[in-house]
Amino acid sequence: EKHQSHLYYGYGKGKTTAAMGLAFRSLGAGLAVAIVEFDKGFDQTKEHYYERRIFFKLKELGYPVDIFSSGCERMNEDGTFRFKNAEEDYVEAKRALDLVRDLVINGKQDVLVLDEFVAAANYHLIEEKDVFDILDLYDKNRKFELIITGHKLFDGLEERIDLITENRKVKHYF
């Protein structure tokens, strides 16, 4: 069996939802799942990404799922979003990248989700070269499905991914 790489990208809603849906389906099929979230930090008080609650509960129930979050809180006290990258954001992105590298080489997962991985490169938290380096590692031994999300393609990425779905915003309530 040849494992495939998937990319869900675009400025429409649903990229993470698609990736997490694949993770849920994989768990239902008895497969082990690892999820690494880039730039989706948690300050231990306000949870913005509710799918984590479900995955943590599934882990408690014995399902083979590990979820690793990286990033710093981006919601300001007044409810606005902090767009500018701070030094801590780069440190967190590097930590996540190191974790991904280890999972690609040593992980026992059947499915690896890298949520906002391409977006981390789009927004300069990591380099585009880092994405290609991970894809190179993956291509050396495709022992699991690789699911990636992000906002936009960059040169050379389309040729490296097996399945690409673009989420396009047609209308949004904001």
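Aspartate 39 is placed in the loop between strand 2 and helix 2, where helices (H or I, at least four residues) and strands (E, at least two) are DSSP runs numbered from the N terminus. Although it is not a glycine, aspartate 39 has a positive phi of about 55 degrees. At 24% relative accessibility it counts as partly exposed; buried means under 20% relative accessible area, exposed over 50%, and partly exposed in between (1.4 Å probe, protein chains only). The model is predicted, so that local features need pLDDT of at least 70 and side-chain atom pairs count only at pLDDT 80 or more, while totals for chains, interfaces and linings use all residues. Residues are numbered from 1 along each chain as its sequence is written, and side-chain values use heavy atoms, with hydrogens and water left out.

A second residue of this kind is histidine 124, which is not a glycine but has a positive phi of about 65 degrees. Histidine 124 lies in the loop between helix 4 and helix 5 and, at 58% relative accessibility, counts as exposed.

Helix 2 comprises residues 51-60, of which Glu51, Arg52, Phe55 and Leu58 are buried. These residues cover an arc of only 125 degrees around the axis, which places them on the same side of helix 2; the arc is that of the directions from the helix axis to the C-beta atoms. Arg53 and Glu60, on the other side of helix 2, are exposed. The cover over the buried residues includes helix 1 (15-28), strand 2 (33-37) and strand 3 (65-69), contact meaning heavy atoms within 4.5 Å. Just after helix 2, glycine 62 takes a positive phi of about 100 degrees.

Lysine 15 belongs to helix 1. Lysine 15 is buried yet has no salt bridge, and the nearest side chain of opposite charge, glutamate 116, is 5.8 Å away. Here Lys and Arg count as positive and Asp and Glu as negative, while His and the chain ends are not counted; a salt bridge is a side-chain nitrogen of Lys or Arg within 4 Å of a carboxyl oxygen of Asp or Glu. The side chain of lysine 15 does reach the backbone oxygen of glycine 12, at 2.7 Å. Leaving aside residues up to four places away in sequence, lysine 15 touches Tyr8, Tyr9, Gly10, Thr149, Gly150, His151 and Asn167.

Elsewhere, charged side chains do pair: the whole structure holds 13 salt bridges. In one of them, arginine 95 meets glutamate 92 at 2.8 Å, N to O. Both lie in helix 3, three residues apart, about one turn of the helix. An α-helix has 3.6 residues a turn, so residues three or four places apart point the same way. Glutamate 92 is buried, with a relative accessible area of 17%, whereas arginine 95 is partly exposed at 39%.

Helix 5 (residues 128-140) has 13 residues, which at 1.5 Å a residue should span 18 Å; its end C-alpha atoms are 19 Å apart, in agreement. The expected span is 1.5 Å times one less than the number of residues. Buried in helix 5 are Asp130, Val131, Phe132, Ile134, Leu135 and Tyr138. Among the elements covering them are strand 1 (5-9), helix 3 (87-106) and strand 5 (145-150). The side chains of aspartate 136 and arginine 160 meet in a salt bridge (2.9 Å, N to O). Aspartate 136 lies in helix 5 and arginine 160 in helix 6, so this pair ties together parts that are 24 residues apart in sequence. Salt bridges with shared partners join Asp136, Asp139, Arg142, Arg160 and Asp162 into one network.

Methods:
A polar contact is a pair of N or O atoms within 3.5 Å; within protein, one must be able to donate a hydrogen and the other to accept it, and residues adjacent in sequence count only if both atoms are side-chain atoms.
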